[in-house]
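Here are my notes for going through this one with you. Keep the sequence and the 3D view open side by side as you read.

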Amino acid sequence: MNSIYKYPLKCCLVLLSRFNLLYVLKSLAILAMAVGWVVTSAQTVEGVVLGPGRVGIQAANIYVNSSEVHTHSNEIGQFTLSPVSPGDTLYVSSLGYISRAVTLSTEHFEKSMTIVLEDQLYDLNQVVITDNYSPLEQIARIDLTTNPVNSSQQILRRMPGLFIGQHAGGGKAEQIFLRGFDIDHGTDISIKVDGMPVNMVSHAHGQGYSDLHFLIPETIDRIDFGKGPYQASEGNFATAGYVGFRTKDYLEQSMIGLEVGKFNTVRMLGMLDLLNGLDRHDAYVAFENIQTDGPFESPQAFSRVNLLLKYGVELSDSDRLTFSGSYFQSRWDASGQIPQRAVDQGLITRFGAIDDTEGGQTGRTNFQLEYTWAINSRNFIRSLVYLSKYDFELYSNFTFFLEDPENGDQIKQHESRILAGLESRFFNDSYWGDMSISSEVGVGIRVDNELSHTLNRKTTLESLALGTVHETNMFAYARSRFDLGQVSITPGLRLDHFTFQYVDELAANYTSLSTSQAILSPKLDITYSPGEHWRHYLNMGKGFHSNDSRSIVVSDDRILPAVYGVDLGTIWKPLPRLVFNAATWYLYSEQEFVYVGDAGIVEPGGRSQRWGVDAGVRIQFNDWLYFDTDVNYTYARSLDEEAGQDYIPLAPDLTSTGGLSLNHSNGFSGGIHYRFIADRPANEDYSLIAEGYFVTDANINYEWKNWTVGISVENLFNTEWNEAQFATESRLQDEAEPVEEIHFTP
């Protein structure tokens, strides 16, 4: 290992080895709590809402039948309600659980109460608009149960308005589109799993690269998502939005599964409860293996293996320690993007290839330790330590024979890195409002970022970029929500400090280049609730996305360009099983980033602005039939170009998703769902068009005793469509001149 990485990594290892880890976490928790405050009041009842397995239920609604007094549970199920009196009846409900009523006695005011809810089918009637948590986050849980998926990346589609596209054989991270952004693989969306970041800074294939394939879909318990740069707890890349996945803390039952399909596709799944309900202990292991050749004429030979082990223990009535370890390995061959002219001329079919030696392999090993300390029913602290070992190797050929008429233009992108981090958050609830303070100190090590010119994956003809990156991000944030009755105000402030260091291994003499910069990001949310089924909100905030370290230290590129946004929206529940949401929004970006994969550089794209309208409807017709639809319109333009030359390539302007889901008590479940994206510009003057598409998927399942059998059909109506499309200048081997046109993956 290069000496530049030894010292910070050694410091981390020595710290964790010389001190008891629980002592370190609790010390950080006490430090975080020092900046919090606690407010007490008379006539207050305190408690916790738990689900099966005695795991806290987040966002449960607790209210008194005889008054407008209400509250909600926090992330670990705690709640405080005031003012109340003996004899009052508390009603407790949460989406996916049977509601309970509890009549208060004097004993409930003497000690914290525990309320346990049992599972039931999801019902929109339980969604509470006036909750501090977004109802759409609760609704996302319905999609997880009624519309099963076979890919972790498909779960991103549960975020309304988000589209993905795969263009490298299934092993490469998907291309993401949201709010008029071609996010590439993660430049403008923050993605986390159990608090651990998925985005990779200064990645060999693109800034913010987010490979979520290590996440097994069946292990997901809930999804937290938001649009815009308004969440104080989200920092780098959280400009168009953020997505956070939380995996299950326990299994209700063990399961094994087998899926088979066309193109030699086989998926095996296993989820085993290891402790069988042992008191205060939960542990399970999950396994996934996928093999497929895909629909292409040149088989993908795709293979993926996932392993997850998760263990949790209640150290006391107020402390919980959770450990998880995961392993992911994937390899594939790819046909890459093909030029439209090659298909039109009959040189290849839509599922053919110009260079079928593309492909790659990648792997990630994660370790996470989370400690939750419930100080009392008003305060708790959650601390997280994570460590990842990541490897990546990708072979691509975007331009075929443009640069090298003899050998072709295939490139190899390779990196190996260690990512480590530490985060501690303090939560406080009180009658006057609630305050969340979060602090994190992390060290990230990026090693051997390499980009080489290769022939058929074997012969290195020219090294285009080779070096080591060391990047550190320290941050702290604070926010407080002040509830003034019908109006609530939530100001927030976040501070990030970055240090970038790069060593160019191709330089004649050793040179270590470094720079650093900090950014302050204020946030403000205002909500107005004229009634218990209607809420208006105004969100304002500043966010940012960091630049690639290799570009920062060798040029005058912006280091931390900011994004400024505002959302004005409403959520309305006119009927018990009907929810409507709408928002209009605006985003201004100081600097667009365009990654040029075949050159290994990030090019500045200038200033931009976007505005749009989002709208969605959720309807539950009866206990088992559920309908949802979302429509999103965006106007995206560059501010540094002339009119007509100011289109932002691949920025989607009109998208829609939705469908019908059923989950009947007689054992049947399934649904039919669509996704639509309109034509959009492929280049700056809209002379090339990335064609839109409308694709429909369907599935049906039947559960009998301990068995479930089902069938899913992707692209139900056999639509001919292009999942990934780019305006690319390329040259085929027998062409005298290059041609710029649409290159696509079918």
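**Notes on the model**

1. E403, E641, E642, E684, D685, E729 and E740 form a negative surface patch. To be in a patch, a residue needs over 30% relative accessible area and no salt bridge, with like charges joined within 9 Å. Asp and Glu count as negative, Lys and Arg as positive, while His and the chain ends are not counted. Each charge is placed at CG of Asp, CD of Glu, NZ of Lys or CZ of Arg.

2. A word on where this comes from: the model is predicted, so local features need pLDDT of at least 70 and side-chain atom pairs pLDDT 80 or more, whereas totals for chains, interfaces and linings use all residues. Residues are numbered from 1 along each chain as its sequence is written, and side-chain values use heavy atoms, leaving out hydrogens and water.

3. D685 sits in the loop between β38 (680–681) and β39 (689–690); strands are DSSP runs of E with at least two residues, numbered from the N terminus. Why does D685 count as partly exposed? Because its relative accessibility is 33%, and partly exposed is the range between buried (under 20%) and exposed (over 50%), using a 1.4 Å probe and protein chains only. The areas themselves come from the Shrake-Rupley method.

4. Now find the open sheet of four strands, which runs β12-β11-β14-β13 with mixed pairing. The edges belong to β12 (196–197) and β13, each having a single partner strand, so one side of each has no neighbour in the sheet. Two strands count as paired if DSSP finds at least two bridges between them.

5. Go through the pairs one by one. β11 (residues 189–193) and β14 are parallel, over five bridges, and I189 has G241 as its bridge partner in β14. β13 (residues 220–227) runs antiparallel to β14 over seven bridges, with R222 opposite R246. β11 and β12 are antiparallel too, over two bridges, and there V193 stands opposite M196.

6. How many residues of β14 (residues 241–247) are buried? Seven of its seven. In a regular strand, side chains alternate between the two faces of the sheet. Here both faces are covered: G241, V243, F245 and T247 are buried on one side, and Y242, G244 and R246 on the other.

7. On to salt bridges, meaning a side-chain nitrogen of Lys or Arg within 4 Å of a carboxyl oxygen of Asp or Glu. The count comes to 31. In one of them, E393 pairs with K412, with the closest N and O atoms 3.7 Å apart. This pair links distant parts of the chain, E393 in β22 (residues 379–396) and K412 in β23 (residues 411–430), 19 residues apart. Both E393 and K412 are buried.

8. Two further pairs are worth a click. E423 and R425 meet at 3.8 Å, N to O, and both are buried. D697 and R675 have their closest N and O atoms 2.8 Å apart. D697 is partly exposed at 21% relative accessibility, whereas R675 is buried at 10%.

9. Finally, look for a network: salt bridges that share partners join D194, R246, D249, K310, E370 and R382.

Terms used:
Patch = residues over 30% accessible without salt bridge, like charges linked within 9 Å, V, L, I, M, F, W, Y side chains within 5 Å. Areas by Shrake-Rupley, 256 points an atom, 1.4 Å probe, with all protein chains shown as cover.
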